[in-house]
Amino acid sequence: MPGEAVRVTLFLQYAANGIANGFVIGLLALSVVVIFRSTRVLSFAQGSIASLSTYAFFQMFTRWQWPVALAFVFAIAAAALIGIGAWALAMLPLRRTDPLTRTVATLALVLVLQMIMRTRWGGNEEFIKPLLDSRITIGSFVIGAQQVLIAVVAILATSGLTFWFRRSFAGLALSAMADDPSTARLLGVNPARVAATAWSIGAVLGALAGILITPLLVLNPFQMTLLMVTAFGAALLGGFDSVPLALGGALLIGIVQSVTTGYITTSGFSEAFGFIAVFAVLLLRRGHATSLLDSLARETAL
Amino acid sequence: MTKRVRFFAISAALMLSAAACGPRFQSPQAQPDTFETVSVLGGTPSTVPSASTTSTTKTQLVRRLIGSRSDRGFKVTGGTITIGGLFPLSGGLSSIGTPAAQGAQAWFRYVNDHGGIEGKKIKFIPCDDRADDTQSTVCAKRLVEEEGIFAMGPSFTPFSETVVSQLDSEGVPWIGWDGINKPGFSKSTVVTVGAAIEPMAHALVPYWYRQIEKETGIAPKKIGAVTLDVGPAGTYITVAKKYLCPKLGCTIVKDQRVNYQTTEYGTICRSMQNEKVDTVWIVTDPASAIKLFTFCREIGYKPRVGFLGQHGIVLDLTLKQSGPFANGTMANSAVVPDTEKIPPVNEMKSIMRTYYPDVSFGYWNTLAFASARMFTDLVGDVLRSGKELNRQTLLEAAAGHVSYDCHGLCKDVNLTPPMSQSGGNHWVWIVKAQNGHWVKVAGPLDAYQSETWPCPGRPCA
């Protein structure tokens with residue numbers, strides 16, 4: 001039985017290691033959900049926006065040696081501006097087109113943003129030192145403080161976002177615009193302002209993900225875009241509407257990827273297994289669990 | 001109206017995409033701080049057909065009919081020697097490719113700034129192959145056919161399986177190749193001062209094993225490997241499983257493969273801890289090594305005898321980012337470690353810093369610098385002998401160096417191609433991570449004299 005306990009502990013440890021990654025994927029997924037929910041545009045540019053915001057943080061924190069808090073605040077502010085800029089340059093001119101057209105335009109945005117990053121910072125890999133360098137021990141569990149920070153920030157951001165969406169006029173306007181644009185306009189909701197706000201929030205969420213995970217990985221123009229692929233899987237689980245389901249999907253992917261890495265030594269398996277987990281859940285939605293998940297999605301939609 | 005708008009939107013998106021992919025010849029702006037005075041090729045595989053589709057027979061036929069375009073660089077008649085280089089200047093291996101390119105470029109610029117080689121200037125054109133075989137062949141094709149290079153010069157392109165054969169079939173010498181893969185060592189057109197992985201592994205692992213045994217009194221029996229999922233890294237593991245461990249008495253208990261997208265290093269560290277391995281052998285690029293060090297430090301895990309590395313992570317950057325946690329990590333180098341306080345190293349550093357003040361030193365740019373210097377040595381040999389400088393005389397000049405020492409940066413390298421027969425470079429230095437630097441602890445060791453080398457005293461067939 002002690003052997004069994006060790007195995008269980010190890011499994012839990014692997015799962016715990018996947019949670020931080022899951023939260024990062026979750027933040028990226030939420031950035032997609034926020035924009036989709038408000039504008040019906042599936043933004044493929046969130047990874048690149050996150051990378052650009054992280055480069056801004058890197059420039060201030062690593063290159064200019066600003067204090068971390070100051071660099072963080074300015075990078076988040078820059079992210080909000082990048083989001084608004086992306087909307088103004090890529091979405092506003094296409095505001096009378098259908099969402100599919102605007103979705104395609106976000107692909108162009110990805111490439112333009114990557115070109116900007118490559119031109120300004122080059123294609124080299126850059127590194128950001130961890131914001132927290134200690135570790136936390138709970139029983140036999142040891143986890144890095146940076147990973148805990150990621151989880152805390154992601155939970156706070158998600159809770160704050162949900163509260164804001166449900167309790168504030170601006171938040172309700174975002175949901176109203178998606179549900180019934182005509183009525184929302186009659187009630188005085190400005191669609192342009194709603195879209196700009198959604199893009200801005202989406203960019204901030206992406207920036208949080210990038211700034212928090214990059215110290216554990218590397219910074220290059222593509223890293224966050226690669227993570228976005230996984231984030232889309234998570235957002236898909238929530239039907240691109242539900243914050244908790246998207247976050248849950250992201251955690252599922254993060255945990256499955258981590259556990260898979262712990263038991264399978266071949267590279268590439270973990271990435272694939274994360275998606276397999278999502279597809280399995282999606283298949284379930286077609287069957288017995290459909291009503292449960294659908295009602296969950298409806299109830300937890302923004 | 002909507003359809004028209006959609007059409008224009010999609011057209012605009014496609015145009016933006018094409019623009020974002022960059023011009024066919026990528027300008028130096030992608031590496032603004034790296035190459036100020038030379039053109040850097042890179043770019044769009046889709047716009048140029050792959051060289052691999054061009055058969056040798058077809059090339060020969062075209063040569064006979066109209067004279068091969070690649071023969072444009074067959075001999076040097078003017079005052080400029082145009083050579084190419086392949087480096088991953090962007091993407092997953094750029095942390096190695098960029099300093100390597102800087103090392104070669106620094107030497108060529110230094111030579112040009114001091115009058116050239118017998119009055120001839122070097123025009124070095126590095127191409128960004130992104131460590132991608134397809135892009136390498138595209139780069140090589142462009143360099144040969146469009147730039148008309150005389151030869152391929154110092155390069156770092158370890159994952160390009162086809163480019164060596166491609167250039168060999170075109171008769172283009174590759175002087176300063178560093179690709180690690182076996183084909184390069186067996187071609188009569190390839191000359192390198194870099195060592196193959198086999199001798200490096202046979203020098204590193206037995207030395208490390210005996211050293212640990214001596215220091216701790218317990219031999220490191222269980223090795224956990226974290227291996228970048230590419231051929232050259234896999235060769236280290238294959239050699240260890242086939243020759244090193246059976247002879248020494250160790251076992252690779254876990255061979256965890258990773259790629260550039262791998263993020264689960266926390267789990268990898270944890271699984272190594274669970275396996276109770278004596279060491280974690282980091283057979284990756286610097287960036288992956290940094291991620292591994294970062295996550296293992298995060299969870300407070302260090303194996304019993306610390307980490308073992310290999311030449312792929314011997315770069316200041318690796319240790320600068322990993323901090324003291326990486327101290328004690330042992331690795332190998334086929335050239336003199338850059339931390340040695342000897343005149344050849346001091347001279348190299350001084351030249352490199354002249355052109356690239358922020359350069360990160362390590363195995364790769366020392367090797368590239370030495371390779372560039374070898375190139376100019378061979379060209380100088382030909383020119384001073386009064387012979388015509390052509391591809392054949394260049395290779396003949398290489399064959400004249402059976403004990404080349406890279407002006408103090410390498411030892412006793414037989415430059416006669418093919419290197420697999422002549423032996424090439426089989427001298428290895430052992431370095432250890434100490435407070436942000438790779439410091440020499442042993443060497444040069446003759447890999448052919450290693451207790452595990454299967455063909456004692458000579459290269460294996």
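**Exercise 1. The interface of chain B and chain A**

Determine how many residue pairs are in polar contact between chain B and chain A, and describe the side of chain B that touches chain A.

*Solution.* 

Step 1. Between chain B and chain A, 12 residue pairs are in polar contact, both residues being at pLDDT 80 or more. The model is a predicted one.

Step 2. Next, the elements are identified. On the side of chain B that touches chain A, at least two residues each are supplied by α1 (2-20), α3, β7 (251-258), α9 (265-275), α10 (286-298) and α11 (316-322) of chain B. The largest share of this side comes from α1(B), with 10 residues.

Step 3. The residues are then sorted by class: 23 are polar, 18 nonpolar and 11 charged.

Step 4. Salt bridges are counted with a cut-off of 4 Å between a side-chain nitrogen of Lys or Arg and a carboxyl oxygen of Asp or Glu. The count between chain B and chain A is 0.

Step 5. Finally, the extent is given. The contact joins 52 residues of chain B to 52 residues of chain A, and the buried area is about 4,100 Å², with carbon and sulfur atoms giving 55% of that area.

**Exercise 2. The two domains of chain B**

State which segments of chain B form domain 1 and domain 2, and how many residues each domain brings to the contact.

*Solution.* 

Step 1. According to the domain assignment, domain 1 of chain B comprises 33-195 + 341-425, whereas domain 2 comprises 198-333 + 428-449.

Step 2. Each side of the contact is then counted: domain 1 of chain B contributes 20 residues, and domain 2 of chain B contributes 20 residues.

**Exercise 3. The area between the domains**

*Solution.* 

Step 1. Of the area that domain 1 of chain B buries against domain 2, 29% is supplied by B:Ser95, B:Phe159 and B:Tyr363, more than by any other three residues.

Step 2. The largest share, 3 residues, is from α3(B).

Step 3. By class, the side of domain 1 that touches domain 2 in chain B holds 11 nonpolar, 7 polar and 2 charged residues.

How values were computed. Residues are numbered from 1 along each chain as its sequence is written. Chains are lettered from A and ligands numbered from 1 in the order in which they are written. This is a predicted model: local features need pLDDT of at least 70, side-chain atom pairs count only at pLDDT 80 or more; totals for chains, interfaces and linings use all residues. Side-chain values use heavy atoms; hydrogens and water are left out. Domain bounds come from an automatic or database domain assignment. Contact means heavy atoms within 4.5 Å. Buried area is the accessible area (1.4 Å probe) that two parts lose on being put together, summed over both. Helices (H or I, at least four residues) and strands (E, at least two) are DSSP runs, numbered from the N terminus. Ala, Val, Leu, Ile, Met, Phe, Trp, Tyr, Cys and Pro count as nonpolar, Asp, Glu, Lys and Arg as charged, and the others, Gly among them, as polar. A polar contact is a pair of N or O atoms within 3.5 Å; within protein, one must be able to donate a hydrogen and the other to accept it, and residues adjacent in sequence count only if both atoms are side-chain atoms.
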